[in-house]
Amino acid sequence: MELAHSERHPGCLPLACGRPRMLNRMVGGQDALEGEWPWQVSIQRNGSHFCGGSLITERWVLTAAHCFSNTSETSLYQVLLGARQLVKPGPHAMYARVKRVESNPLYQGMASSADVALVELEAPVTFTDYILPVCVPDPSVVFETGMNCWVTGWGSPSEQERLPNPRILQKLAVPIIDTPKCNLLYSKDAESSFQPKTIKEDMLCAGFAEGKKDACKGDSGGPLVCLVGQSWMQAGVISWGEGCARRNRPGVYIRVTSHHNWIHRIIPKLQFQRARSGGQKRGSRGHQLPSRNLAPCLAAHGILLVLMAPLTFL
């Protein structure tokens, strides 16, 4: 079932993953712009949003395993792509049916390792300015402590409230926190009757020790992305946290590179993005400098675009 076909420029093909057409970004938890995060999807059950996800090929969405208690009832699920808002998503958005859900077999329940799942769409989607894949990093890509990354989703703005209509996609800049520091934060103020939660090897922390800004309920499964060179790479999948935006409780994400082998096994044709030397310079305060994100329209000249694309989809 499709809401509407998104517009695309005649003769233009997206040349690469992780390169949206929108250029301007500002720090803070605020409304996303139209087409700013074109890989962001809403996973819905019986027509209601319950988890986020990211488009990684024309057929596959990456999300969290804890989003699916029953992976066999695929008829209950649909994926909304190309949307900025959930209420009346608009002409650039479309719905896709779900063919199957593959949860990582190592996942053992909330706050455990391997909280990742792959959702296969019934039919491949057509890429547009508003529907594009994010880059999936090869294990050679390192997301360094302090690196400013972005988390996006339609989740609750706080533990008490729901995102108000029309439920516009929210974006938040969050720095990567190293694992020893994150473990230390989670050991602070722990209730005496509970074992402090530990950050496992395949987890990544991002956020603020003082709290106030964080992913929350309904954001689960969505992407944590970082600008590497001129492409956006997905560093993490939103997994868990103790409450939302609480002091000493930053958000915890599953590290995408830790599950490279499993993703490759499910999607053998996916080409992972390797670390490139050089990279993009950062602004003096950790902000990314603007990059040229517009993919040139070379198709009309008969140039072999497929050879230039880092991602090949069959």
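Mentor: A disulfide is a pair of cysteine sulfur atoms within 2.5 Å. Keep that cut-off in mind as we go through this predicted model, where local features need pLDDT of at least 70, side-chain atom pairs count only at pLDDT 80 or more, and totals for chains, interfaces and linings use all residues. Residues are numbered from 1 along each chain as its sequence is written, and side-chain values use heavy atoms, with hydrogens and water left out.

Trainee: Then what makes Cys-149 and Cys-226 a disulfide?

Mentor: Their sulfur atoms are 2.1 Å apart, which is within 2.5 Å, so the pair counts as a disulfide. The link of Cys-149 and Cys-226 is right-handed, with 100° about the S-S bond. Cys-149 lies in strand β8 and Cys-226 in strand β11 (residues 223-228), so the bond ties together parts that are 77 residues apart in sequence. Strands here are DSSP runs (E, at least two residues), numbered from the N terminus.

Trainee: Why is Cys-149 called buried?

Mentor: Buried means under 20% relative accessible area, with exposed over 50% and partly exposed in between (1.4 Å probe, protein chains only). Cys-149 has a relative accessible area of 0%, so it is buried. Cys-226 counts as buried too, because its relative accessibility is also 0%.

Trainee: How many disulfides does a search of the whole structure find?

Mentor: Four. One of them joins Cys-17 to Cys-135, with S to S at 2.0 Å. Cys-17 sits in the segment before β1 (30-31) and Cys-135 in the loop between β7 (117-121) and β8 (148-153), so this pair connects parts that are 118 residues apart in sequence. Another disulfide joins Cys-51 to Cys-67, again with S to S at 2.0 Å.

Trainee: Let's turn to the aromatic rings. How many aromatic pairs does the structure hold?

Mentor: Seven. Rings of Phe, Tyr and Trp (its six-membered ring) pair if their centres lie within 6.5 Å; planes under 30 degrees apart count as stacked, over 60 as edge-to-face and the rest as tilted.

Trainee: What makes Trp-37 and Trp-39 an edge-to-face pair?

Mentor: The centres of the Trp-37 and Trp-39 rings are 6.2 Å apart and their planes stand at 70°, so the pair is edge-to-face. Trp-37 and Trp-150 have ring centres 5.8 Å apart and planes at 40°, so that pair is tilted. Trp-37 is in the loop between β1 and β2 (40-45) and Trp-150 in strand β8, 113 residues apart. Ring pairs link Trp-37, Trp-39, Trp-150 and Trp-232 into a cluster.

Trainee: Which residues line the largest cavity?

Mentor: Trp-37 is among them, along with others including Glu-36, Arg-84, Tyr-130 and Leu-169. About 90 Å³ of space lies in this cavity. A cavity is a set of points on a 1 Å grid over the protein atoms alone where a 1.4 Å probe fits but cannot get out, and lining residues have an atom within 4 Å of a point.

Trainee: Glu-36 is in that lining, so what makes its meeting with Lys-171 a polar contact?

Mentor: A polar contact is a pair of N or O atoms within 3.5 Å; within protein, one must be able to donate a hydrogen and the other to accept it, and residues adjacent in sequence count only if both atoms are side-chain atoms. Lys-171 lies in strand β9 (residues 170-177), and it is buried because its relative accessible area is 3%.

Trainee: Where is Arg-249 found, and what does its side chain reach?

Mentor: Arg-249 is found in the loop between β12 (231-240) and β13 (251-255). Its side chain reaches the backbone oxygen of Leu-185 at 2.8 Å and that of Lys-188 at 2.7 Å. With a relative accessible area of 3%, Arg-249 is buried.

Note on methods. Helices (H or I, at least four residues) and strands (E, at least two) are DSSP runs, numbered from the N terminus. On a 1 Å grid over the protein atoms alone, a cavity is a set of points where a 1.4 Å probe fits but cannot get out, and a pocket is an open set with protein on both sides within 12 Å along at least five of seven lines; lining residues have an atom within 4 Å of a point. Grid points are joined across faces, edges and corners, and a volume is the space filled by probe spheres set on the points.
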